[in-house]
Amino acid sequence: MTLPDTAYEAAAEGAEIAHGYFRTDLDVETKDSKMDFVTRADTETQHRVIEIIRDAYPNATIVGEEEDELKSVPEDGNAWVIDPIDGTTNFVRGTRLWTTTVAAVRDHETVAAVTVAPALGDTFVADADGATLNDEPIAVSPRTDLERFTVAPILRYGPERDQQFGDLLRELIRQFGDLRRFGCAQVTLGMVASGALDAAVSLQPDPNPWDTIAGIALVKRAGGSVTDLEGNPWKPGCEGLVASNGNAHDEVVERVGRAVT
């Protein structure tokens, strides 16, 4: 199978496993904080995603959130970046905004990315042909008036950065038309790609690749812009993230920067 075909199959089958556990009586454990959840659904979904990838590519390099997989993307060569359940807090509380996400990366460039939100019935795909939602082409919003932008903060930091996160929320509501927070980075970036949102923002330093890479590919393929907080092209390890429809992106970055200073 091709890389895009494998990404699609792995994400779809993984999402099916996760969905089977959704709104069931699960034992929920925590990792680094009281709000950093992991369940049997996460680990079983990741196992199935990896199984499908390695059936097609036995020597595949895996970057994954759970267990002992790599936690960063190699500088060169092929890699698979997977998140069995993005939005685990939503998942364990019965909220439909969560995804299973798989991205194929070559030399830090995303070749294909698939984000499946089974509880919503939505599948986002980014590949060489562009970006789609449920097999229909999508594009970022055409809005140019920042006072009419709806912007979403993503990737909440740990409790040690609550003050910074609060500052970001205050500045977003002051600097743009409205804000939303969904608790699932991949769904949120998919909404920027499809035009449902105008921008998504994070101040988090060095965000995890499984939270970002697939959604960033979607935004780019849909015609948007993605940079770090300084307006430089985004890449793994960057300081923060600003994803927008590309209209007045520099001004979006400037306004977001007011939350940092």
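Predicted model: local features only at pLDDT ≥ 70, side-chain atom pairs only at ≥ 80, totals over all residues.
## Packing of helix α7

Helix α7 itself spans residues 249-257, and its buried positions are His 249, Val 252, Val 253, Arg 255 and Val 256. Viewed down the axis of α7, these buried residues fall within an arc of 165°, so they line one face of the helix. An α-helix has 3.6 residues a turn, so residues three or four places apart point the same way.

## Overall architecture

The chain contains 7 helices and 14 strands. Its C-alpha atoms fill a box of roughly 50 × 40 × 35 Å along the principal axes.

A compact globule of 261 residues would have a radius of gyration near 18 Å; the value for the chain is 17 Å, which agrees with that expectation.

## Burial and contacts

Of the 261 residues in the chain, 53% are buried; in α7, this group includes Val 252 and Arg 255. Among contacts in the chain with a separation of 6 or more, 61% are accounted for by residues 24 or more positions apart.

## Surface and charge

The chain carries 23 positive and 45 negative charges. The mean positions of the positive and negative charges lie 6 Å apart.

Methods:
Residues numbered from 1 in each chain as written. Heavy atoms only, no water. Buried < 20%, exposed > 50% of the residue type's maximum accessible area, 1.4 Å probe, protein only. Helix = DSSP H or I, 4+ residues; strand = E, 2+ residues; numbered from the N terminus. Arc of directions from axis to C-beta. Rg over C-alpha atoms; globule rule 2.2 N^0.38 Å. Contact = heavy atoms within 4.5 Å. Lys, Arg positive; Asp, Glu negative; His and termini not counted. Charge placed at Lys NZ, Arg CZ, Asp CG, Glu CD.
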